[in-house]
Structure formats: C-alpha cells, structure tokens
Amino acid sequence: MDEEYRKSEWIKELVPIYGHRETKSMWKIYRESDRVSAKFTDDLKKLKAQFPIQYLIGYTWFYDLKVFVDPAVLIPRPETEELVYYILDRVQDADFTVMDLGTGSGCISLALKKNKPGWEIIGVDNSLEALRVAKINAQYHNLDIHWSQGDMLDWNWNATKKSNIIVSNPPYIPLGDKSKMGGNVIFHEPESALFTADRNGLEYYLSICRNSWRQLKIGGWIFLEIHEEKGKDIVEMFESEGKYEEIEIIKDMQGKDRIFCCRSVK
Ligand SMILES: C[S@@+](CC[C@H](N)C(=O)[O-])C[C@H]1O[C@@H](n2cnc3c(N)ncnc32)[C@H](O)[C@@H]1O
C-alpha cells in the first residue's frame, strides 16, 4: 500500500467524521509516528470509531516533551501547557518543592522538572495505572521525580515535607454533562480523570481549598487549571476559607478564565 493511496483512504474515511482541518493534522501526526504500513487498515478502523490518535501511536507532545500516553491517562491538553508556562513565568526561585495533584501522565511534573531541574517534584495520583505511565515518562526523559499514590478527596495522607507550590489540573466536569461531550472523550479517556461526582464540578477544588494550606509553606503558591465558567465560584471558595491571599484568575490565549492562582497567607 503506497503512501498516496493511504493518504487518499485517510481523507475519504476520516473527513466525514473529523472535518478537513482535523483530518489533515491527524495525518501529519500519524506520518511522523512512523507506524508500520501493515497496521494501516486496522488503525483507520479505530480512528473511525473515534479512538484518539494519541493513544493509537502511544504518545503526544507537551511543552516540547514527548509524553507517552495510553487509555489509563488523560491526553495532555494545550490549556495545561499554558498553566505550566504561567507557573514558570511567575515563580523564579531555584529550589522549590512542588506537589502535582492528579498527575496522570505526569506531564505537568515532567515539564516543570525539565525547566527547573533544582525543584523537587512530587506527582500524586490515586490511580496506580496512571502512576505507571508517569514513571515511564520520567525514565524516558531521565527526570528525577517522586511519584506517590494519594487521594485528593481524602487528605488523610500527609506529605512529609511542606511544598512551595501545589499545582493541579483536577477532574472538573460534572458527570451530568457527559452527554454533551464529543465521542472520543467520553468513550476512550478515563472517566476518573474527567468527571466529578458532584453536580457543580467543584468537589476537587473544595478539597484542595480546605486542605492545601496545611501542606504549603508560608506564602506557598497554588496553581489550578479551572473550567472557564467556574472562576468566580472558585475565587469565592478560597476567599471564604480565610487561609489564602493574592487570589487571581488568569485567562488563557482564547480569553477564557483558565488558571486559578493564590498564595497561602503569609
Ligand atoms: C484532568 S486529569 C489531569 C492529568 C494531568 N495532570 C494533565 O494535566 O493532563 C485528573 C487526574 O486526577 C486523577 N484523580 C482523579 N481523582 C483523584 C483522586 N481522588 N485523588 C488523586 N488523583 C485523582 C486522575 O487519575 C487523573 O490522572
């Protein structure tokens, strides 16, 4: 099967599902992955069933790092790169301790460690399968990151060392909104990475708000990715806790509320 034929099959089969632009960008990703041509027919079938191309080829790119992914972890998103960019821009110190809650593939931890080798990073997830993927990524990039199993909703674990930064991109989609989402997300990405049991999608933020100050050094930072419509609720939540200051919402490149930032009271 030659390349021209494969490309024409790709376009014929996938444009009706993904549209021209997305189909072309998927072709570029696929070609660059050097998949063996014997798998082509099977791959096309999976993509037609909206299996994410990143799971198919086994990796994606995040902050210029190749990040291995499989269906145990969320596929890292460009919005989350903006969160990393913001942290690195905002905090200059050389020897910080950082806790990354809900680390998944480890993408945030990896990008921070790569850019701040002096920082001690602890990636936490309740999923052992996710931690398995995160460890593979850290080994691949030769980055020394600590991984730990822990539950963000039940903070009866205590990090032995207080952190300067807590960062998280927690699940924030109410389970009730599942029916409004695109097919590939619903069927193939882990439910536990996306959905919350509460109706407003705030349970993880509430837990972080109630517990983080105890885990932070004085004046420590919290950086959270948020749902674009929840900024006001999250600001009010952290204000009423009385343990935080310098509370801010930062917009992403699309102009949407995307990053929550605050510091524990000094
Ligand atoms: C939205 S994903 C973020 C993954 C990764 N940090 C990223 O930005 O791509 C949320 C992560 O939180 C983890 N998670 C869900 N519930 C959790 C809990 N109760 N305690 C710890 N981690 C949890 C999921 O396994 C998933 O890896």
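This is a predicted model: local features need pLDDT of at least 70, side-chain atom pairs count only at pLDDT 80 or more; totals for chains, interfaces and linings use all residues.
Helices and strands here are DSSP runs, numbered from the N terminus, a helix having at least four residues and a strand at least two.

D64 deserves a moment of attention. Its phi is near 65°, a positive value in a residue other than glycine. Is D64 buried or exposed? A residue is exposed if 12 or fewer other C-beta atoms lie within 10 Å of its own; D64 has 9 such neighbours inside 10 Å, and therefore counts as exposed.

D34 is not a glycine, yet it has a positive phi of about 55°. D34 sits in the loop between α1 (3-32) and α2 (40-48). Because D34 has 7 C-beta neighbours inside 10 Å, it too is classed as exposed.

Let me turn to the overall layout. The domain assignment divides the protein into domain 1 (3-49) and domain 2 (78-264). Taken over C-alpha atoms, the centres of domain 1 and domain 2 are separated by 33 Å.

Next, the sheet. It is an open sheet of seven strands, with mixed pairing, in the order β5-β4-β3-β6-β9-β11-β10. At its edges are β5 (146-149) and β10 (244-251), each of which pairs on one side only. From one strand to the next, the twist averages 15°. Within the sheet, β9 (residues 216-225) and β11 (residues 257-264) run antiparallel and are joined by five bridges. In this pair, E225 stands opposite I259 of β11.

Which strands does α5 touch? Helix α5 packs on the sheet against β3 (97-101), β4 (120-125) and β6 (163-168), and its direction makes about 175° with that of β4. Seven of the nine residues of α5 are buried, so this helix is largely enclosed by the rest of the structure. Among the buried residues of α5 are C107, L110 and K113. Helix α6 (residues 128-140), in turn, lies across β4 and β5, running at about 175° to β5.

Finally, the ligand. How many residues surround the ligand? There are 22, and the closest are G102, G104, N126, M152 and N169. The elements giving two or more residues to this shell are α5 (107-115) and α8 (191-194). By class, the shell comprises eleven nonpolar, nine polar and two charged residues.

How values were computed
Residues are numbered from 1 along each chain as its sequence is written. A residue is near a molecule or strand if its C-beta atom, placed from the backbone, lies within 6 Å of it. Ala, Val, Leu, Ile, Met, Phe, Trp, Tyr, Cys and Pro count as nonpolar, Asp, Glu, Lys and Arg as charged, and the others, Gly among them, as polar. Domain bounds come from an automatic or database domain assignment. Two strands pair if DSSP finds at least two bridges between them. Axes are lines fitted to C-alpha atoms, for helices over the stretch in contact, and angles run from 0 to 180 degrees between N-to-C directions. Two residues are in contact if their C-beta atoms, placed from the backbone, lie within 7 Å. A residue is buried if 20 or more other C-beta atoms lie within 10 Å of its own, exposed if 12 or fewer, and partly exposed in between; C-beta atoms are placed from the backbone.
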